[in-house]
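Subject: A structure for you to look at

Hi there,

I'm handing over the structure we talked about, with some notes on what turned up in it. Please open it alongside this email and follow along.

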Amino acid sequence: MKETVLKWGSQANTWLYLFLAFPLIDYLLRNILPIPVVSSFWDEGLLIVLSLFTFLAYLEGNRTMPKIKHVLSALFVLGIALTVTDMAVWKASVEGFRSIYQYLIAFFMGFYLFKSVDQLEKLLKVLVLIGFVTGLYGVIQVVLGVQTPGSWVQEGEAITTRAFSFVTSPNVLGSYMALIAPIATGLFIKVTSRKEKLLWAGVTLITLLALLLTASRGAWFALAFSLFICVYIWKKRVALILVLAGIIGVIGLYNVPDSVPGLGSLKNRVFGIFTPEYIDASLKAGRLDRWGDAYDKMRIEPLFGVGLGHHGGAVGYRHFGTIYSDSYFFKSLAEFGLIGITLLLIFVTMMLRNGVKAVQAWRNSPHFFLLLGLFCGIFAVAFHNFVENIFEVPFMALYFWLFGGIFSALYADHIQSKRG
């Protein structure tokens, strides 16, 4: 028994499986089985262990990071510089730095701990099953009529019950499901046995249903746009057909009477953002007002921003009472300034570009649709961050950077194989 435990503990994959079960483990330790000290610091301990494995893999020197390393290095240097030069509110600056860069470490984990696509497939199966449990919990909440906190229900809307599962909010659950559903679809296409196809088909349907029941418009639009991009990568003609089908669907939904159960509420939720009332409310005390506030903060210090942890997000709220920006990138604009937000956007763009090239390199492989589904999921999460603070949620940020690192590793291996 002891030898088995030591053997499992000495393998990076064991810890990666725990890493992918993050939201479920975190919920259990903090709410169901709280253990002093362990419940508060288990995630930091897990990251330290995985960082050690990552360092050992780096020392082996089997993989060279592509050009993205230059932008990543510049981003780290800027973050350190902003932190050490802001001594007035040192605690907020350090917390702000940690809230960003602690999770960016997962990029290195993905890049150096990735071994093979078969390994990735096993990891993704664990990820998707945990996501399925999370989504199913959210669906059951709606079926049972669990009360949704008032802050997540817009005044005057027909939708008053939103799935939020055991994660932070309906918007976070929506982003999580937008990540999981395409991967589950990729697994459904990839596997050959009937039992497995039924399993992954069921998981796909449940996660899509959970996404729908979150009523998260940002997650809906992000996944829809991501699906178009990924179908375009696969076959351009099919992508055009998808656009036409989408246009017909939108027109059809717009003409649905409000009295139709389900569809009427969906129509109001989708088209409500285009009404003068919504825009006026958003400009006064909503998303548009918060974006404007972040922009104004950037104008104070256009190049370097007001400082890490000084605006929006959990750190800014604790230290300065600032409200969430409802956009991770607008929050970063205020804190990082033009230089920092430019580096961040370039880094994310290069990471996604590596993903596209990696997926295309596996076009003729049985793993193609699995990789395409994974790319679709992380692209949706990236896009969703334009209208939500998704990277403020630890497990979502960790997942995104981890898989970004894996795609960069796939791309690096592809370049190396071509040179070899």
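Let's start with a cluster of charges: Glu121, Lys125, Lys190 and Glu196 are joined in a network of salt bridges. Please keep in mind while you look that this is a predicted model. The count of salt bridges comes to 13, and a few of them deserve a visit.

**Around Arg30**

One is Asp26, with 2.7 Å between the closest N and O atoms of the salt bridge. Both residues sit in helix 3 (residues 22-32), and because they are four residues apart there, about one helical turn separates them. Asp26 counts as buried, at 17% relative accessibility, while Arg30 is partly exposed at 38%.

The other partner is Asp43, whose side chain meets that of Arg30 in a salt bridge of 4.0 Å, N to O. Here the pair ties together parts that are 13 residues apart in sequence, because Arg30 lies in helix 3 and Asp43 in helix 4 (residues 38-60). Asp43 is buried, with a relative accessible area of 10%.

**A link across 61 residues**

Next, find Lys331 and Glu392, whose side chains form a salt bridge at 3.6 Å, N to O. Lys331 belongs to helix 16 (residues 328-361), and Glu392 to the loop between helix 17 (368-384) and helix 18 (394-419), so this pair connects parts that are 61 residues apart in sequence. Lys331 is buried, with a relative accessible area of 3%, whereas Glu392 is partly exposed at 22%.

**Helix 5 and its two sides**

Finally, have a look at helix 5 (residues 68-84). Its 17 residues reach 25 Å from the first C-alpha to the last, close to the 24 Å expected. Which residues of helix 5 are buried? They are Ile68, Val71, Leu72, Leu75, Phe76, Leu78, Gly79, Leu82 and Thr83. Viewed down the axis of helix 5, these buried residues fall within an arc of 160°, so they line one face of the helix. On the other side, His70 and Val77 are exposed.

What covers the buried residues of helix 5? The cover includes helix 6 (90-113), helix 16 and helix 18.

Enjoy exploring, and write back with any questions.

Best wishes

Terms used:
Residues numbered from 1 in each chain as written. Predicted model: local features only at pLDDT ≥ 70, side-chain atom pairs only at ≥ 80, totals over all residues. Heavy atoms only, no water. Buried < 20%, exposed > 50% of the residue type's maximum accessible area, 1.4 Å probe, protein only. Expected span 1.5 Å × (residues − 1). Arc of directions from axis to C-beta. Contact = heavy atoms within 4.5 Å.
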